[in-house]
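Thanks for coming. I will go through a few contacts and positions, and then stop.

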Amino acid sequence: VEQVMSLVGAVKLRPLKGEKLEECLQLTKTSDKPIEDIYCLIKPIVGEETASYLRNKNANNLLFINIESTPAMDRLVSLVSVVGVDGVFIGPHDLSVQLGVPCQWNHPRFHDAVLKIIRTTKSCGRSIGCHYSFDNAVEYQKKWVEAGADIVIHSADLKLFVNALKNDLVQIKSSLTKPNSTDQEGGGTEFAI
């Protein structure tokens, strides 16, 4: 919770520092107000003008925390309840390792954990997504959206490029045939890709 509070300070309350920041962060830890009210929450400490300035300056800043361990899962409600947290991203690789099923994307323990994180996060009124591009990605992303995920992060530009290039090279190689006839030196036509 302390680390999340520090992130709230860096993302939502910048450029506050020192005692004022600490005082504001203590309110984010204990308040039951909705996330939109962080600036109303700190108004008694920093004043209306500064609260308004901070709201405008940080208006485009979102704070998503990564949940990728069993201790984070156990403390999920307290982590996402910190005022200023907008949502959660699930770190699938690290989570699978923490669950004792490294990179076993089809393992029930992995899927149960992802569904638990999605449901818990949504019950706290926060957004949730999983940056997943492994086995059965489309199927799992659809399943997670049906369970409540409202963010889909599918693959990455470099991964898409590499996969497309691999597929193209396989097609090129399979479409090329070496002639059966030989030239004067006794060898066929060679090619490299």
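Aspartate 150 is partly exposed, with a relative accessible area of 40%. By that term I mean between the two cut-offs: buried is under 20% relative accessible area and exposed is over 50%, using a 1.4 Å probe and protein chains only. This is a predicted model, so local features need pLDDT of at least 70 and side-chain atom pairs count only at pLDDT 80 or more, while totals for chains, interfaces and linings use all residues. Residues are numbered from 1 along each chain as its sequence is written, and side-chain values use heavy atoms, with hydrogens and water left out.

What does aspartate 150 form a salt bridge with? The partner is lysine 122, and the closest N and O atoms are 2.8 Å apart. A salt bridge here is a side-chain nitrogen of Lys or Arg within 4 Å of a carboxyl oxygen of Asp or Glu. Aspartate 150 sits in the loop between α9 (137-147) and β4 (151-154), and lysine 122 in helix α8 (residues 108-123), so the pair ties together parts 28 residues apart in sequence. Helices (H or I, at least four residues) and strands (E, at least two) are DSSP runs, numbered from the N terminus. Lysine 122 also counts as partly exposed, at 33% relative accessibility.

The structure holds two salt bridges. In one of them, aspartate 86 pairs with lysine 12, with 2.7 Å between the closest N and O atoms. Aspartate 86 is in the loop between α6 (76-80) and β2 (87-90) and lysine 12 is in helix α1 (residues 2-12), so this pair ties together parts 74 residues apart in sequence. Both aspartate 86 and lysine 12 are buried.
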